Amino acid sequence: MKINGTHDFSMRWQYRPLLLPSLFVLLLTSHNYGFQQHQLFVAFRNPSRNTMGFRVGPQTNYLLPQVEFLSAFNASNQHTSSSSSIALRPLTSQPTIPFYSIERSDGDDTTDFEYQLVRTVQRCILAYGLFQILANGESLAAAAANAAGLDMPISRDEIHPTAMSSGMGNIIKLKWRVSLVDLRIGNNKASKSTDRDSVVLQAFHPYFHTVANLDPALQQRDERGPPPDLDFVIFLLPRQDGVLLCRRLTKCPAIGNGYTYACTPRRPRSGILRLLAERRQKAVVITPTAMEPEIAWAMNNLARVQVGSKVLDPFVGSGSILFAASLLGAQELVGTDAAVELVGEGTGTAKQDIMKSFIYSIDEFLPWVPLSASVRPVPKLGQADMLAWESYPLWFRREYYDCIVTDPPYDLKAKVQGTTTGAAGAAGAAKERETDLAKERQQAAMPAIKKLIKVADHGLVAGGHLVFFFPEWGKHGLDGKEAGCDSVIKPPSAFPQLPPSLHLVAILPQIFSPTFVRWLACVEKRGQIARQ
């Protein structure tokens, strides 16, 4: 199976792809952007401050949300009888608008498939929502006219009889809301205009009040309130793509009350990420290199952490990655670290404080966490040196873990920044020293990473996943002309060779500077996965 990229820059990945065949999914390039009634599509959030570095190349391709979505879909598909495989295809002609139609390759029951998509979006931290197109048009007038002519105003939904008012004909007695997202502004910044909102909503008045028969008294106008029974969104796209009237079927955990679609980089502070940020600020123990909750959540999705998973973080630090795994339903959490002051036994260590941070009420995180995971485990923490992992058989058990999710130690702030000023001789000496520093830091990071791969080979069950960051120092050229459309993007040459039992599923670069990049890698243990 070949996996193509979503735009011109990544089309050539089909020869040496960053997304490898074991994803069982496709990222398709298409220039036929037409919309279809009842079509399902997923919208992704634009990069935040934490994920901006994953935008690569002249066209600033941002594939991390798609990879997270496809991995999460496979996780939900793994223990079911469904054999669904899906493809994501760009929905609009604008590469900066991350909307993707969902195509599938089989004929499974439509209801089950849509339910699976809903569950997938609900666990993807980088998504915006799952939508169904009700009507579209090249202009506001055309879209409104098409909506007014619909025979089935709310498709694939059965309105319960109690929602119908016998005294008012067939008016649907459900709470409903209409949101407006304008993506026509320069740089794709969402705009807000009361006059514009009034004009757009007036145009769709015949649909909401005549075709759909919604009760005006039940319209929920405050987006800060609880979600309504029927949630509509009108997207104003760039001129060539027109206007979409959609139903929002669900939204992602990072979308909280009052969230508006914004395309400018910012700190994510909505939905469950707001709660995680507040917990982080109040934490008794937080290491300087603790993973941001947004990325920790995405890493766990790439590893397919789900209800019942056994998860290991062998560089646990203060436990931020394991906490995200807990929220996704992991059954057993194990963390080790070489730092005695963090997880060592006895008084004077932070072990008990870290463990206490995992004690929380599930009500605090509703509705973003799976209710099926009734038990929230406290992690098992212990001191263990990864360079001598064989000496700790109780922590590193053979073929025991479903997922290993971790961030090996490296100095993230030690980016090689060389100099271009001064005399030619001084510049040459600085460049030579820059190269030496890059080699030194790369060599210092490699022993722990090689041991990590051995631990994955030893400790993962068949079908299990290792997700980790691989640091690379030195000039990479991923963010400039050197990463043009004619370039083949390869994993870094320093990336360690994998044993036959492991294979690379996905690897994506996160750029911090012209001379430092870390690669988010997902490795899978070969073998058959037992279906439950």
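**Stop 1: the cysteines**

This is a predicted model, and its count of disulfides is 0.

Is cysteine 403 buried or exposed? Its relative accessibility is 2%, so cysteine 403 counts as buried. Now select cysteine 246: this residue is also buried, with a relative accessible area of 0%.

**Stop 2: the sheet**

Next, colour the strands. Which order do they follow in the open sheet? The 7 strands run β13-β12-β11-β14-β15-β17-β16, with mixed pairing. At the edges are β13 (380–383) and β16 (502–513), each of which pairs on one side only. From one strand to the next, the twist averages 15 degrees.

Zoom in on residues 310–313, strand β11, and residues 332–337, strand β12. These two strands run parallel and are joined by 4 bridges. Within this pair, look for lysine 310, which stands opposite glutamate 332 in β12.

**Stop 3: the helices on the sheet**

Select residues 293–302 to show helix α7, which packs on the sheet. Helix α7 touches β11, β14 (401–406), β15 (460–473), β16 and β17 (516–525). Its direction makes about 140 degrees with that of β15.

Finish with residues 320–327, helix α8, which also packs on the sheet. Helix α8 touches β11, β12 and β14, and its direction makes about 175 degrees with that of β12.

Terms used:
Residues are numbered from 1 along each chain as its sequence is written. This is a predicted model: local features need pLDDT of at least 70, side-chain atom pairs count only at pLDDT 80 or more; totals for chains, interfaces and linings use all residues. Side-chain values use heavy atoms; hydrogens and water are left out. A disulfide is a pair of cysteine sulfur atoms within 2.5 Å. Buried means under 20% relative accessible area, exposed over 50%, partly exposed in between (1.4 Å probe, protein chains only). Two strands pair if DSSP finds at least two bridges between them. Axes are lines fitted to C-alpha atoms, for helices over the stretch in contact, and angles run from 0 to 180 degrees between N-to-C directions. Contact means heavy atoms within 4.5 Å.
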